[in-house]
Every structure is written in structure tokens, then in C-alpha cells.
Amino acid sequence: MKKLFSLMLCLAIMLACCPAFAEAGETVTILTRYAAYDNWDKIVELLEEKTGYTINTILATTEYSDYCTKISSALTVGDDSYDIIDVDELLGVTFEAAGYLAPIDEVVAYGGDKYLTSWMENISKSGDNYYLIPSSYSGIYLYVNKDLFTNVGVAYPTTLDEFITAAQAITDVDNGVYGLGSAWMQGGYMFNDIQRLIMAFDGDFYDWDNEGTRKAVQFMYDQINTYGFTPKSVISEDYSAENQKFADGKYGMIFQWQSAYTTCQDEWEKYEIIAIPTFEKAATIMTSWGFGINGNSKHKEAAIEILKAFTDVDVQMLTLGIEYSQHADVLSSEEAAEDPTLVALAQYGAAGVIAPRAMPTYVNEIQDIMETNVSAFVSDQISLDECCANVNFGFEDLM
Amino acid sequence: MNSLTIAPKVKRSRAKKCIWMLILPAVVIRAATMLYPLCVTFYYSLLDYRVTKQLKVWGGIKNYEKFFRDPSIKATLSFTLRFTVFSMVFIVVLGILFALLLNVKFHGKPFLRSIALIPWAMPTIVIGIAMRWGFNGTYGFVNDLITRLIGQPFNYDWLANVGSAQFSVIFVDIWKNTPFFAIMVLAALQTIPSELYEAARVDGSGAIRSFRHITLPGISKTLGTMGLFFTLWRISSFDLVYAMTSGGPGSATSLIAYKLMLETVKTLNYGYASCIAVILFAVMVLITILSKGIMRVLATRGERR
């Protein structure tokens with residue numbers, strides 16, 4: 001009896017350990033922020049139906065710095081709890097360079113041609129391999145509060161001078177209303193405005209002696225300290241505070257991702273997305289988060305099949321209810337034409353004002369250096385010369 | 001030499017072996033969990049070890065040189081020192097006062113003791129996020145409270161200005177940690193026999209004299225031990241600024257342990273992160289040795305008296 005029991009136990013252990021037997025019920029775990037959306041369940045259902053694998057979703061925090069810490073720590077220690085992870089461009093290029101992601105060339109060969117070539121070549125590709133497939137698509141739009149513009153009787157700005165005039169006209173400090181809101185908390189928020197303004201002032205991200213770069217940083221200082229149309233509080237605020245203030249009518253304009261639309265969607269008639277005004281040039285930035293495969297994953301083949309299915313147009317159409325798709329067929333669909341942010345995205349694209357952010361492999365390091373110094377400059381701790389010299393020193397050190 | 005003299009030696013040797021066998025697992029675990037990471041961290045601090053560049057080469061003292069010329073380190077060290085000193089002074093003083101208050105017999109004392117521990121029991125990350133909103137110029141309860149107290153609108157961007165951001169972080173740290181310190185002091189207070197106070201009172205000693213000659217010596221060991229732990233916890237603290245200010249504006253509220261966390265999990269620069277860890281460890285060891293010495297001197301003086 002004992003022998004029989006031991007034999008059965010050994011057999012059970014062998015069956016559990018043998019991949020060939022385990023494959024039938026293979027479960028792939030996806031870590032993503034999208035699990036909070038209703039449409040995500042539909043996407044999972046469709047992916048399971050297409051691939052035959054079971055998908056376990058883990059909801060990721062929307063607090064960006066917490067997410068960075070969590071996912072970086074997990075990948076660094078070789079954690080295989082997640083097979084597919086959702087990362088933004090900063091994390092994506094960092095993890096590609098660190099060798100934390102598995103190549104997904106098969107996925108790109110299957111459906112990669114439907115995505116923006118610039119993103120696929122600059123962000124997804126590292127060396128000879130591709131590592132990410134876009135999971136969302138968004139740009140920084142210029143949102144305006146229509147009532148505040150109507151109240152002061154100014155037109156929507158198209159140039160830098162008009163922009164400053166409109167922002168100052170709207171500002172009513174006594175009532176806590178400001179022409180332009182921002183979110184410059186360190187940890188990624190300020191970095192986006194630095195990148196956007198360097199592009200708008202025709203500067204050079206890698207050269208802080210460049211006149212355009214210095215103008216961009218000086219403009220950030222002037223927003224608060226010279227023109228006074230941006231409150232000083234933005235230095236310590238993140239997107240949630242910025243969106244809330246915009247929704248509460250405290251900001252006339254904000255440059256913001258799609259999240260402002262989500263916050264204001266219920267009363268959208270009060271707001272509008274307008275064309276990007278020309279500073280030195282009209283420019284704003286785009287982003288796509290992307291799905292990549294954890295290099296430590298024990299289910300890489302299954303994960304590749306799931307990502308292939310994710311690029312199918314019927315799955316991509318469901319992302320319209322989440323954070324949108326970069327997929328060409330989705331962007332040209334009738335459903336996309338009903339969404340103001342996607343319409344704006346198409347318009348910005350047609351006008352040639354939207355571009356991906358600069359993403360060197362050491363982006364997280366340089367982001368920290370830039371934010372620390374620009375924050376110190378706009379809060380009057382150091383001069384513009386010191387700020388730019390420190391960032392240049394940072395670049396030299398990282399090269 | 002005969003068998004009668006050899007026997008006890010053999011027994012002693014066996015006993016020694018037995019003792020070593022018994023403590024060996026603990027020594028092995030301790031070595032694996034403490035000595036090994038310590039040695040590896042020191043070794044890494046001498047490497048140019050950057051994961052994003054796939055670099056892991058010998059760098060000598062390069063990371064240490066970088067530490068002393070890194071522009072952001074100066075501000076970080078300066079705030080770490082201020083944070084530790086101010087927090088510790090207020091935690092100790094307020095902790096003793098609070099403990100003395102909780103030691104007085106009054107109605108509702110158990111309830112007060114329980115609620116006093118709530119700030120300490122809450123996770124620092126939760127407190128940090130809550131306080132980020134609490135000190136927000138527009139939506140924060142701090143400005144709202146001041147507005148209600150002074151009867152006119154009060155608007156101040158606490159976390160956007162250097163001085164007030166530093167004050168806010170230190171204030172929250174004191175608010176969170178004083179109750180725990182107070183409870184520890186209270187436990188020490190309760191070991192002092194009440195007869196000593198009665199005798200002192202009969203001898204005509206006032207409250208201040210009783211505090212100086214009975215209370216303070218009675219709680220000095222607890223103060224010394226807890227003071228050391230709290231100081232080391234302040235130096236290695238990063239979670240409050242991580243959640244509340246992200247070290248800003250600039251590096252104004254950046255703590256050395258926060259900088260270490262950024263280098264480790266964000267920029268994946270393990271060489272430089274290890275260098276910061278080694279320096280932080282050396283400082284903490286130095287403080288421990290110094291405080292032990294001070295405690296020993298104070299104890300000797302107390303015995304002489």
C-alpha cells in the first residue's frame with residue numbers, strides 16, 4: 001500500500017513539473033493598469049478565445065513612481081510573477097538596455113506594421129531585436145476652459161505672445177484662478193514639460209548650452225516668477241492635482257495627457273482641445289505604453305501568442321474604451337472619429353507638431369538630474385547658468 | 001600525565017564542540033544574511049556597475065569620488081542632517097512630555113493611550129500621500145485649519161517652498177513617531193517605584209527636582225537605547241519623502257536613503273548605489289559606537305553619584 005502511494009505521489013509530482021503536461025492549462029500573468037477598465041475583461045476574454053491560454057491579470061498601481069519602484073525591483077531580482085508587463089517609454093528603454101525583457105520579433109513580424117514606425121524603431125527596438133508592442137497611445141494636448149476664455153474675452157492663442165497675453169488675462173490670483181496649470185512634481189511629471197518645451201523652443205535635449213534649451217527652462221521659471229500665470233504650487237503637484245484644479249475651473253489652460261479628458265469627460269461641453277500654439281515652433285509630445293515580456297518568464301511562448309493576438313484589429317478596437325490604440329486601423333475607424341482626443345491626435349499628427357520624446361538608454365538617470373536642477377531653478381535655489389551647467393555635467397558623466 | 005588529568009580536558013573540549021555545533025546554524029544564518037551582503041555591497045561599490053549600460057567592470061574609488069563631487073549630494077546630506085537633528089530633538093522632548101502626561105492618573109487614559117498610537121501604526125507611505133494632499137495649497141486641510149483659526153483666507157504652498165517643504169516633512173515625521181517614543185518612555189516610567197517620589201516629596205523636593213533626580217535617571221537607559229534606534233531610523237528613512245515630496249523642490253527634501261533608493265531601483269546604477277550604502281553604513285556604525293561610548297560614560301558618572 002505504501003509503495004503504491006509513493007508511486008502515485010511521484011507520478012503526481014512528475015506531471016505537475018513536466019511542461020508538456022502543464023501546457024494545456026498554461027496561465028499567463030499580465031501586469032497592467034488597464035485591468036481597472038471594463039473593456040479589459042472583454043479583451044482578456046477575446047485573447048483567451050484566440051489563443052487557448054488562460055490569462056491572469058494583476059492590476060498595477062496608477063501612481064507612476066510606485067509602479068517604477070515595484071516593477072524595477074521585481075525584474076532586478078529575477079521575479080517571474082509577471083509574464084507580460086506594461087511599461088512606458090522610459091521604463092521600456094531602460095529595461096531593454098538592462099536585458100530585462102525578452103525579444104518579441106515574432107509579434108512584430110505578425111502585426112508590427114500597423115504601428116507608428118518611429119515608435120517601433122526608436123522605442124521598441126534595441127540592437128537587432130524588438131521588445132515592446134504598443135498598448136496605448138496618447139499625446140500631450142492643449143486643453144482650454146471655454147468659460148474662462150469667454151469671461152475675459154480673449155481668443156485662443158496661436159503664438160507665444162498671444163499665449164502669454166491670454167494666460168495673464170485669465171489669471172485672477174485672489175480667486176485662485178490661473179491662466180496655465182502644470183504638474184511639476186519630480187519623478188517624471190516635470191520631465192514631460194521639460195521635453196515638450198525644449199521641442200517648442202527648438203532646443204536640444206542633449207545640449208543645455210543651446211539657446212533654445214535655455215529659453216525653454218527660462219520660460220518655466222517665468223511662468224511662475226515673471227508672468228505669474230502659473231501658481232508656485234505646481235512644483236509639488238502631480239497630474240491628479242492638475243486635473244482636479246482644471247475640472248474645478250481654476251486653470252484656463254493645461255498641457256496634459258488624455259487623463260484630463262477622462263477627468264472632465266462628464267462635463268466636456270465646458271472644455272475643448274485646441275491647436276498647439278507656435279512658440280519657436282508648434283510642438284508637443286506623444287507617448288505609448290507598451291507590452292513587453294519579462295525576461296524571467298517561464299511562459300514566453302504563450303506570452304508571444306497572446307501579444308500576437310493583441311495586435312489583431314478586433315482586440316485593438318476594444319482599447320478605444322481604455323487608453324486608445326496606436327493601431328492604424330483603429331485610428332482610421334469611425335469610432336475613433338467620435339473621440340475628441342483621438343481627433344486632436346490626428347490633427348496634431350497632420351500638422352506635424354507631435355513627436356516622441358528623446359529616450360536615451362540612461363533616460364531615468366538624466367530625468368532625475370534634469371528635474372532636480374530645473375526644480376531648484378524655478379524655486380529660486382540656483383541660477384539658470386548653474387542649472388544648465390549641472391545638467392551638462394550630468395550628461396558628460398553618463399556618457 | 002595520567003588518565004585522571006586528561007578526562008576533564010576531553011570533556012571540556014567536547015562541551016566546546018557541542019556549544020559550537022549548537023550556535024553554528026545561527027552563525028551561518030547571520031553570516032549569510034549580514035556579512036555576505038555587506039562584503040558584496042562593499043565590492044560592488046568599487047565597480048562601475050551600471051545595468052542599463054550592461055557594465056560591470058572594476059572602477060576603484062571612482063564612485064566615492066563621484067559621491068563627493070555630486071552637486072545634489074551636498075543638499076541631500078544637509079537635509080538629512082537637519083531632518084535627523086530636528087526630528088530627534090522634538091521626538092525626545094515631546095515624547096518625554098507626552099509620556100509624563102500619560103503617566104498621570106485621569107479618566108479616559110486608556111483611550112488616550114490607544115489613539116496616541118494611531119499615527120505610528122499607519123504605514124509611512126499612506127501618511128506621506130495623505131500629507132501631500134494635506135499640505136496642498138488649494139485642497140489641503142492645513143491651510144483650511146489655519147483659515148478657520150485666524151478667521152481670514154490663508155493660502156500657502158507648503159511643499160513648493162524650500163523652508164516650508166523641509167518644515168512639513170520634519171513636522172510629519174515628528175507627529176508620526178513621537179507617540180511610539182512616548183509609549184517606550186512610559187513603560188520605563190512605570191518601572192520607577194512610586195515610593196521614591198513620596199519620599200522625595202516628604203523631604204521637600206519639588207516636581208522639577210524629582211524629575212531631575214528620580215525620573216530622568218530612571219528612564220535614561222530607555223532614552224539612550226531608543227534615542228539610538230530612532231536616530232538610525234531617521235538616517236535610513238526614505239519612505240516619507242518618497243511619498244510626500246519626491247525629494248523636491250530640487251534636492252531640498254531629499255534624504256540620503258532616498259537618493260540610495262533612486263540609484264538602486266530607478267537608475268539601476270548598482271555601483272554608485274553600493275557606494276552610498278557603504279558610506280551610510282559607516283556613518284551609522286560611527287553613530288552607534290559614539291552613542292554607546294556616551295551611554296557608558298553617563299552610566300559611570302551615575303554610579304559614582
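**Figure 1. The contact between chain A and chain B takes 31 residues from chain A and 25 residues from chain B.** Two residues are in contact if their C-beta atoms, placed from the backbone, lie within 7 Å. On the side of chain B that touches chain A, helix H3 (71–103) and helix H12 (256–266) of chain B each supply at least two residues. The largest share of that side, 3 residues, comes from H12(B). By class, the side of chain B that touches chain A holds 14 polar, 9 nonpolar and 2 charged residues. In this count Ala, Val, Leu, Ile, Met, Phe, Trp, Tyr, Cys and Pro are nonpolar, Asp, Glu, Lys and Arg are charged, and the others, Gly among them, are polar. Helices (H or I, at least four residues) and strands (E, at least two) are DSSP runs, numbered from the N terminus.

The model shown in every figure is predicted: local features need pLDDT of at least 70, side-chain atom pairs count only at pLDDT 80 or more, and totals for chains, interfaces and linings use all residues. Residues are numbered from 1 along each chain as its sequence is written, and chains are lettered from A and ligands numbered from 1 in the order in which they are written.

**Figure 2. Chain A contains 19 helices and 15 strands.** The radius of gyration of chain A, taken over C-alpha atoms, is 23 Å, close to the 21 Å given for 399 residues by the globule rule, so chain A is as compact as a globular protein of that length. That rule is 2.2 Å times the number of residues to the power 0.38. Along the principal axes, the C-alpha atoms of chain A fill a box of roughly 90 × 50 × 35 Å. Of the 399 residues in chain A, 50% are buried. A residue is buried if 20 or more other C-beta atoms lie within 10 Å of its own, exposed if 12 or fewer, and partly exposed in between, with C-beta atoms placed from the backbone. Among contacts in chain A between residues at least 6 apart in sequence, 73% join residues at least 24 apart. Chain A is divided into domain 1 (26–136 + 288–326) and domain 2 (139–286), with bounds that come from an automatic or database domain assignment. The C-alpha centres of these two domains of chain A lie 31 Å apart.

**Figure 3. Strand E9 (residues 141–145) of chain A is largely enclosed by the rest of the structure, because 5 of its 5 residues are buried.** Both faces of E9(A) are covered, with buried A:Tyr141, A:Tyr143 and A:Asn145 on one side and buried A:Leu142 and A:Val144 on the other. Two strands pair if DSSP finds at least two bridges between them. E9(A) pairs with strand E11 (residues 251–256) of chain A in the antiparallel sense over 4 bridges, and A:Tyr143 stands opposite A:Ile254 in E11(A). Strand E12 (residues 271–274) of chain A is also joined to E9(A) by 4 bridges and runs antiparallel to it. Here A:Val144 stands opposite A:Glu272 in E12(A).

**Figure 4. Three strands of chain A form an open sheet of mixed pairing, in the order E8-E13-E15.** Strand E8 (138–139) and strand E15 (354–356) of chain A stand at the edges with a single partner strand each, so one side of each has no neighbour in the sheet. Strand E13 (residues 284–287) of chain A runs parallel to E15(A), to which 3 bridges join it. A:Ile285 stands opposite A:Ala355 in E15(A).

**Figure 5. The largest nonpolar core has 173 residues.** A nonpolar core is a set of buried Ala, Val, Leu, Ile, Met, Phe, Trp, Tyr and Cys residues joined through C-beta atoms within 7 Å. The residues with the most contacts inside this core are A:Ile84, A:Ile104, A:Tyr143, A:Ile306, A:Leu307 and A:Val374. Helix H8 (residues 162–189) of chain B gives the most to the core, with 9 residues. Not counting residues up to four places away in sequence, A:Ile104 touches A:Tyr130, A:Tyr131, A:Ile133, A:Gly292, A:Ile293, A:Ile304 and A:Leu307.

**Figure 6. B:Thr222 has its place in helix H10 (residues 207–235) of chain B.** B:Thr222 counts as partly exposed because it has 18 C-beta neighbours inside 10 Å. Not counting residues up to four places away in sequence, B:Thr222 touches B:Met184, B:Val185 and B:Ala188. B:Leu186 is 36 residues from B:Thr222 in sequence and 9.8 Å from it in space, C-alpha to C-alpha. Chain B as a whole has 13 helices and 2 strands, and 32% of its 305 residues count as buried.
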